[in-house]
Amino acid sequence: MLQNIRDNSQGWIAKTIIGVIVALMALTGFDAIFKASTNSNEAAKVNGENISQNELSQAVDMQRRQLMQQLGKDFDASLLDEKMLRDSALKGLIDRKLLLQGAHDAKFAFSEAALDQVILQTPEFQVDGKFSAERFDQVIRQLGYSRMQFRQMLAQEMLIGQLRAGLAGSGFVTDAQVLAFARLEKQTRDFATLSIKADPAAVKLTDDEVKAYYDQHAKEFMTPDQVVIDYLELKKAAFFDQVSVKDEDLQAAYQKEIANLSEQRRAAHILIEVNDKVSEAQAKAKIEEVQARLAKGESFEALAKEFSQDPGSANNGGDLGYAGPGVYDPEFEKALYALNKDQVSAPVRTDFGFHLIKLLGVEAPEVPTFASLKDKLTRELKTQQVEQRFVEATKQLEDASFEASDLAQPAQDLKLTVHTSAPFGREGGEGIAANRAVVTAAFSPEVLEEGANSAAIELDPETVVVLRAKEHRKPEQLPLESVAGPIRAQLAKEHASAAAKTKADELIASLRDGKAALDKPVDGQAWKTTEAATRSQEGIDPAVLQALFRMPKPESKDKPTFSSVTLPDGSLVIVRLNGVNEAAAPTDAEKAEYRRYLASRAGQQDFAAYRKQLESQADIKRF
């Protein structure tokens with residue numbers, strides 16, 4: 001059973017812990033949403049179960065942080081649509097809630113012991129191949145979890161994983177479907193192409209045509225709607241020089257830091273499970289038999305390899321590596337911490353079965369000196385004070401800006417400088433105008449039309465701004481002279497492409513009627529022939545390849561079928577399909593590969609349909 005758990009969830013854990021739970025997006029429509037403490041302010045209700053505003057805010061924040069980590073230096077906050085981000089996060093939370101309800105209804109469950117084993121065997125929580133409680137805490141803290149929250153999230157993901165595996169893994173296809181897919185997939189086609197070039201330079205345009213196009217597309221030739229803003233910028237970093245830390249506070253923080261250190265214990269165990277096939281009495285009798293053999297001097301490691309039903313540790317002689325308090329089942333942990341080195345416990349009953357536990361080693365924590373932690377603790381204590389001051393100053397800035405008719409008084413109250421931006425449009429600009437929230441606020445009716453100061457806008461966790469419109473530059477018609485060049489280029493391309501299309505249509509008609517020889521060069525250009533082209537043939541324009549495999553099969557070799565494809569530059573390609581080559585019967589290996597692919601696709605479709613069914617039958621209320 002533990003091996004099945006690892007098979008279904010170990011891959012997920014390994015990919016998601018360090019990757020900020022990226023696979024969660026594929027599973028539930030998101031990269032990393034977790035269940036945390038809730039409040040009474042509801043964001044949605046799914047079949048009577050609440051999703052709080054707190055959960056939604058954390059989900060939005062997690063998505064934003066994921067994007068920042070995934071894109072790195074390419075991340076552009078101005079491209080984020082906050083409403084879209086919030087709607088997407090809420091949809092994911094609802095999807096997740098529905099899947100958890102579906103797993104519950106299907107009676108899926110995991111024991112605490114099973115969760116312990118998954119955590120202990122996760123490589124990202126190990127150092128030198130052994131579980132490290134310090135590493136475990138470090139990783140989950142970086143993701144914003146407490147131990148309890150992480151275990152809750154992991155249990156939920158394991159349930160959803162089981163549900164998904166049960167549905168997606170049940171997909172199947174018939175032999176006929178496999179053979180039909182193989183026939184289409186391995187089919188090749190013989191064809192020839194002839195290019196009909198578009199020549200914009202040969203197109204003669206009159207001034208009247210240019211003027212007519214300009215008049216018909218007047219809205220396309222306008223100056224952008226632009227605004228110039230004044231703004232105040234409040235930065236958290238400015239408060240660091242305004243705070244200090246007392247020595248007694250540093251000492252208190254130091255004592256708290258070292259108090260959190262705990263010894264690590266290296267355990268080994270032999271597990272006899274209690275399950276549907278093995279009763280409590282049978283499992284107890286078996287563990288007592290193993291205990292008796294230990295008493296006669298047999299090796300704990302050898303007996304673990306022979307009898308332990310935890311495959312993750314049995315092959316290592318039952319070795320679970322080092323771990324600190326709070327990792328194991330409470331009964332397991334109580335017994336472990338009562339042992340001396342190399343001592344073996346009496347049989348211990350947990351939710352998972354009976355264990356014999358051996359203490360292999362103890363590592364006392366290394367306590368750092370006050371001097372080595374002083375700078376770190378000083379930064380942390382200062383950061384706490386700065387955070388509080390920043391929150392208070394942000395509130396003061398927002399209140400002062402709301403009450404003021406300009407930014408001069410708020411600037412004076414908070415000793416800030418009024419900055420002025422360069423003109424920018426609704427698509428944004430450089431500097432502060434690269435932030436989408438700033439652009440949205442600048443063009444809002446309250447700021448642009450009513451002349452009000454904006455609310456406080458968070459550019460990033462360290463910076464808040466308030467802005468007002470200084471100048472509104474409304475769209476104006478561009479003169480014909482300034483856009484005549486681009487208009488001529490566009491019209492020339494359109495006319496040249498239309499001429500090429502007409503020529504191609506006439507040529508195809510002649511070829512179909514037999515008035516033109518199939519292999520005769522056109523305007524000195526010979527047909528380019530390709531034999532046995534596959535669906536993924538290299539060296540062929542994808543648009544041509546796509547058109548080729550959509551064409552009907554020729555009636556005979558002397559009656560090919562024709563089509564044409566317009567390229568981005570306006571030129572055309574005439575495609576002549578000469579023949580369709582049916583593939584040989586697939587080998588057993590190929591059939592097995594096609595079957596796996598089709599079954600996987602069918603399973604994914606089944607899972608998607610199941611999710612859609614859950615949603616359609618659910619009582620969902622968004623607030």
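Predicted model: local features only at pLDDT ≥ 70, side-chain atom pairs only at ≥ 80, totals over all residues.

Visitor: How many aromatic pairs does a search of the whole structure find?

Guide: Rings of Phe, Tyr and Trp (its six-membered ring) pair if their centres lie within 6.5 Å; planes under 30 degrees apart count as stacked, over 60 as edge-to-face and the rest as tilted. The search of the whole structure finds eleven such pairs. The ring centres of F125 and F136 are 4.8 Å apart with planes at 90 degrees, so this pair is edge-to-face. F125 lies in the loop between α5 and β3 (126-127), and F136 in helix α6, so the contact ties together parts that are eleven residues apart in sequence. Helices (H or I, at least four residues) and strands (E, at least two) are DSSP runs, numbered from the N terminus.

Visitor: Are F125 and F136 buried or exposed?

Guide: Buried means under 20% relative accessible area, exposed over 50%, and partly exposed in between (1.4 Å probe, protein chains only). Both F125 and F136 are buried. The rings of F136 and F150 have centres 5.7 Å apart and planes at 80 degrees, so they too form an edge-to-face pair. F150 belongs to helix α7 and F136 to helix α6, so that pair ties together parts 14 residues apart in sequence. Ring pairs link F125, F131, F136 and F150 into a cluster.

Visitor: Which residues touch the most other members of the largest nonpolar core?

Guide: A nonpolar core is a set of buried Ala, Val, Leu, Ile, Met, Phe, Trp, Tyr and Cys residues joined through side-chain atoms within 4.5 Å. The largest one has 29 residues, and F125, F131, F150 and Y328 touch the most other members. At least two residues each come from several elements, including α5 (112-120), α6 (133-142) and β10 (353-363). Helix α7 gives the most, with five residues. Apart from this core lies another, of 23 residues, among them A43, V46, L85 and L93.

Visitor: How many bridges join β6 to strand β14?

Guide: Two strands pair if DSSP finds at least two bridges between them. Ten bridges join β6 to β14 (residues 463-473), and the two run antiparallel; L234 stands opposite V464 there. Strand β6 (residues 226-235) also runs antiparallel to β11 (residues 418-420), over three bridges, with D230 and T420 as bridge partners. Seven of the ten residues of β6 are buried.

Visitor: How many residues lie between β16 and β17 in their hairpin?

Guide: Five residues lie between them, and G570 in the turn has a positive phi of about 95 degrees. Six bridges join β16 (residues 561-566) to β17 (residues 572-581) in an antiparallel arrangement, with T561 opposite L577.

Technical notes
Residues numbered from 1 in each chain as written. Heavy atoms only, no water.
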